[in-house]
Amino acid sequence: MRVVILGCGRVGSTLAALLARAGHEVAVVDRDPAAFDKAIQRLGDDFSIETVVGVGIDQDALRQAGIENADAFVGVTSGDNTNIVAAQIARHRFHVPKVLARVYDPIRAEAYRDADIETVCTTAIVTGIFQDLLFGVPLRHCTEYLDLIKEKPEGADKES
């Protein structure tokens, strides 16, 4: 599988290393060339990935990363807008079959899931996990946490 990852922070670099070690072709795009060196310091250099210094919404940078032959695209920068726009470019311009984007804002994550961009909202997932841990209930499947944002808190319909 050929995967293009946008963002070489902790999530992007760790995912890239896992996929590369499993034998997949991986290219990572990041605007900061130092991000690649930091990733090697954290994760070692026992894997091979292609690196592209560029902005993830720049189609030339995406082409350089091999988006035209990609089986999957994952946007994991720290910016929701960048991840969403890059995911839309990957899906609609380059017709990448599997497109994922990390989105911190739960409402936006839901809206883009409805628009055929798979999103992972770490805010919703971590909030739900903490809630379950606080009350000692069994942890749920991660997709269930994404639905928690749709639920209204108890008493939300009551007048004050």
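Asp116 counts as partly exposed at 49% relative accessibility, where buried means under 20% relative accessible area, exposed over 50%, and partly exposed in between (1.4 Å probe, protein chains only). The model is a predicted one, in which local features need pLDDT of at least 70 and side-chain atom pairs count only at pLDDT 80 or more, while totals for chains, interfaces and linings use all residues. Residues are numbered from 1 along each chain as its sequence is written, and side-chain values use heavy atoms, with hydrogens and water left out.

**Asp116 and helix α5**

Asp116 is located in the loop between α5 and β6 (118–120); helices (H or I, at least four residues) and strands (E, at least two) are DSSP runs numbered from the N terminus. Although Asp116 is not a glycine, its phi is positive, at about 70°. Most residues other than glycine have a negative phi. Asp116 comes after α5 in the chain. At the start of that helix, which spans residues 106–114, a side-chain oxygen of Asp105 comes within 2.9 Å of the backbone nitrogen of Ile107. This is a polar contact, that is, a pair of N or O atoms within 3.5 Å; within protein, one must be able to donate a hydrogen and the other to accept it, and residues adjacent in sequence count only if both atoms are side-chain atoms.

The backbone oxygen of Asp116 is reached by the side chain of Arg91 at 3.2 Å. The side chain of Arg91 also reaches the backbone oxygen of Val96, at 3.0 Å. Arg91 belongs to helix α4 and is buried. With neighbours within four places in sequence left aside, Arg91 is in contact (heavy atoms within 4.5 Å) with Val96, Pro97, Lys98, Val99, Asp116 and Ile117. His95, by contrast, counts as exposed; this residue sits in the loop between α4 and β5. Phi of His95 is also positive, near 55°.

Thr77 lies in the loop between β4 (72–75) and α4. Its side chain has a polar atom 3.1 Å from the backbone nitrogen of Gly79. Beyond residues up to four places away in sequence, Thr77 touches Leu6, Gly7, Thr82, Asn83, Arg102 and Tyr104.

Val74 is part of strand β4 itself. Its contacts, apart from neighbours within four places in sequence, are Val3, Val4, Ile5, Leu6, Leu15 and Leu100. Val74 and Thr119 are 45 residues apart along the chain, and their C-alpha atoms are separated by 9.6 Å.

| Residue | Relative accessibility | Class |
|---|---|---|
| Val74 | 9% | buried |
| Arg91 | 15% | buried |
| Thr77 | 16% | buried |
| His95 | 60% | exposed |

**Nonpolar cores**

In soluble globular proteins, nonpolar side chains tend to be buried together. A nonpolar core is here a set of buried Ala, Val, Leu, Ile, Met, Phe, Trp, Tyr and Cys residues joined through side-chain atoms within 4.5 Å. The largest has 29 residues, and Val4, Ile67, Phe73, Val96 and Val99 make the most contacts inside it. At least two of its residues come from each of β1 (2–6), β2 (25–30), α3 (59–64), α4 (80–93), β5 (98–102), α6 (122–134) and α7 (142–147). Helix α4 supplies the largest share of this core, 5 residues. Ile67 touches Val4, Leu62, Phe73, Ala90, Phe94 and Val96, residues up to four places away in sequence not being counted. Apart from this core lies another, of 16 residues, which includes Cys8, Val26, Ala39 and Ala72.

**The chain as a whole**

The protein chain contains 7 helices and 6 strands. Read from the N terminus, these elements follow the order β-α-β-α-β-α-β-α-β-α-β-α-α. Its C-alpha atoms fill a box of roughly 55 × 35 × 25 Å along the principal axes. Of the 160 residues, 39% count as buried. Among contacts with a separation of 6 or more, 51% join residues 24 or more positions apart.
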